[in-house]
There are 2 protein chains.
Amino acid sequence: MTLEDFLISYVSFSQEELNDILENFTKIEVAKNHLLIKEGQVCKNIYFIEEGMGRSYYLKKDGKEVTQWFFGEGVFMSSADSFFKQSPSYYYLEALDDSVLYSISYGKIETLLAKYHKMETFVRLLSIDMLAKVASKLNAIQFQTARERYDYMNSEFPDISYRVPLGHIASYLGMTQETLSRIRHQA
Amino acid sequence: MTLEDFLISYVSFSQEELNDILENFTKIEVAKNHLLIKEGQVCKNIYFIEEGMGRSYYLKKDGKEVTQWFFGEGVFMSSADSFFKQSPSYYYLEALDDSVLYSISYGKIETLLAKYHKMETFVRLLSIDMLAKVASKLNAIQFQTARERYDYMNSEFPDISYRVPLGHIASYLGMTQETLSRIRHQA
DNA sequence: GCTTTCATTTGACCTATGTCAAAAAGTGAT
DNA sequence: ATCACTTTTTGACATAGGTCAAATGAAAGC
């Protein structure tokens with residue numbers, strides 16, 4: 001899905017508006033394992049993934065990585081809270097593959113939000129969608145067995161689950177790598 | 001906190017705008033245990049809690065209630081996804097005390113969103129805030145012990161935790177009532 | 001094709017928390 | 001005050017999933 005299609009799927013922008021909006025994005029290519037933002041930094045850009053994939057993660061006190069979210073093709077990747085409030089991020093943002101991204105800065109988004117009422121609507125709808133997804137993951141994590149969580153993951157991110165290291169998925173699902181490995185082999 | 005103060009704290013509405021916006025809300029009083037919405041219904045209104053408190057919950061297949069969120073004084077209570085997308089709600093919404101609420105319908109919100117660019121901004125910021133809170137709960141639930149989750153709850157909802165039945169809190173925290181009871185008594 | 005390094009699997013054991021059941025403590029109505 | 005009902009506490013026991021450690025497998029450089 002292209003960025004243009006993505007925008008249209010939420011709000012009926014005119015072609016003129018779309019052109020103006022799209023001009024504010026910069027196409028960038030990043031290599032696998034590139035860190036787009038680190039913990040503690042303010043997230044200055046938000047990225048639309050045209051090709052590739054990414055994840056957000058944080059470090060526990062013991063230093064272990066915990067994957068917080070996966071981002072597939074055709075979605076926006078960000079530390080949403082950090083970006084929209086321009087506050088320090090709790091998360092790292094990492095490319096999990098060589099990726100093609102469309103980046104836009106906070107300043108430019110602000111300008112677009114001020115200029116186009118529809119842009120506000122777009123971001124609002126996007127936020128509500130993310131909220132629903134995070135809430136749904138929370139419900140899955142909270143009261144399901146390791147096995148059920150794994151199945152949930154496969155339905156939510158069917159393309160991602162077999163493309164990234166086991167440990168990333170395990171921490172995303174709130175279980176150890178060993179447990180996930182055992183579940184997979186008794187599938 | 002009044003609704004007016006709440007609105008101003010997010011966006012600098014003019015007094016005129018505020019008056020217009022506030023006119024669209026209806027003050028209602030509901031008794032303890034009143035259900036504002038049931039699972040499967042489309043959430044037609046969103047409620048600002050001036051006095052009282054509420055929660056959202058859902059039923060597991062085995063019929064047990066799981067508290068999904070608590071709403072204290074001075075916040076909006078809703079099944080956000082259901083309200084903003086006018087889709088069936090996964091959750092019940094219940095008053096946990098006799099409460100004074102300011103209610104607004106989806107139709108009226110839509111009108112205000114279309115009329116005031118600032119209103120879109122307000123809802124966007126509100127959504128991002130909720131997103132951050134849900135994400136933070138998710139992190140707490142996912143990798144903390146029962147004891148740590150209880151402490152997290154006390155910092156997040158200090159006023160609520162001792163005002164509602166134990167079972168509501170336990171399910172909110174993803175543990176059994178018995179476990180929560182034991183934790184409390186070894187505090 | 002080896003060697004080194006990193007990722008996954010397997011095994012043995014342990015612990016936090018769940019389950020089930022009963023007792024105790026609150027709460028409200030008559 | 002007493003009875004009926006609900007909520008909380010306590011106890012005994014079970015188990016999913018964690019921890020630690022070693023073995024296997026896969027990938028990358030030489």
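## Ground rules

Since the model is predicted, local features need pLDDT of at least 70 and side-chain atom pairs count only at pLDDT 80 or more, while totals for chains, interfaces and linings use all residues. Residues are numbered from 1 along each chain as its sequence is written, chains are lettered from A and ligands numbered from 1 in the order in which they are written, and side-chain values use heavy atoms, with hydrogens and water left out.

## A four-stranded sheet in chain A

Let's start with the sheet. Chain A has an open sheet of four strands in the order 2-7-4-5, paired antiparallel. (Helices, H or I with at least four residues, and strands, E with at least two, are DSSP runs numbered from the N terminus; two strands pair if DSSP finds at least two bridges between them.) Strand 2 (35-37) and strand 5 of chain A sit at the edges with a single partner strand each, so one side of each has no neighbour in the sheet. From one strand to the next, the twist averages 30°.

## Salt bridges

How many salt bridges does the structure hold over all chains? There are 18, where a salt bridge is a side-chain nitrogen of Lys or Arg within 4 Å of a carboxyl oxygen of Asp or Glu. One of them joins Arg55(A) to Glu65(A), at 2.6 Å from N to O. Arg55(A) belongs to strand 4 (residues 54-59) of chain A and Glu65(A) to strand 5 (residues 65-71) of chain A, so this pair ties together parts that are 10 residues apart in sequence. Arg55(A) is buried at 1% relative accessible area, whereas Glu65(A) is partly exposed at 38%. (Buried means under 20%, exposed over 50% and partly exposed in between, with a 1.4 Å probe and protein chains only.) Glu94(A) joins in too: a network of salt bridges links Arg55(A), Glu65(A) and Glu94(A).

Now for the lysines. Lys85(A) forms a salt bridge with Asp81(A), their closest N and O atoms being 3.9 Å apart. The two are four residues apart in helix 3 (residues 80-85) of chain A, so about one helical turn separates them. Lys85(B) meets Asp129(A) in a salt bridge at 2.5 Å, N to O. That pair crosses between chains, from helix 5 (residues 117-143) of chain A to helix 3 (residues 80-85) of chain B.

## Helices crossing in chain B

Two packed helices are described by the angle between their axes and the distance between the axes. The axes of helix 1 (residues 3-10) and helix 5 (residues 117-143) of chain B come within 9 Å and cross at roughly 90°, the axes being lines fitted to C-alpha atoms over the stretch in contact, with angles from 0 to 180 degrees between N-to-C directions. That makes the two helices roughly perpendicular, a label for angles of 65 to 115 degrees. Phe6(B), Leu7(B) and Tyr10(B) of helix 1 meet Phe122(B), Leu125(B), Leu126(B) and Asp129(B) of helix 5, where contact means heavy atoms within 4.5 Å.

Helix 6 (residues 146-156) and helix 8 (residues 177-185) of chain B have axes that come within 10 Å and cross at roughly 75°. Here Ala146(B), Arg147(B) and Tyr150(B) of helix 6 meet Thr179(B), Leu180(B), Ile183(B) and Arg184(B) of helix 8.

Key:
Angles under 35 degrees count as roughly parallel, over 145 as roughly antiparallel, 65 to 115 as roughly perpendicular and the rest as oblique.
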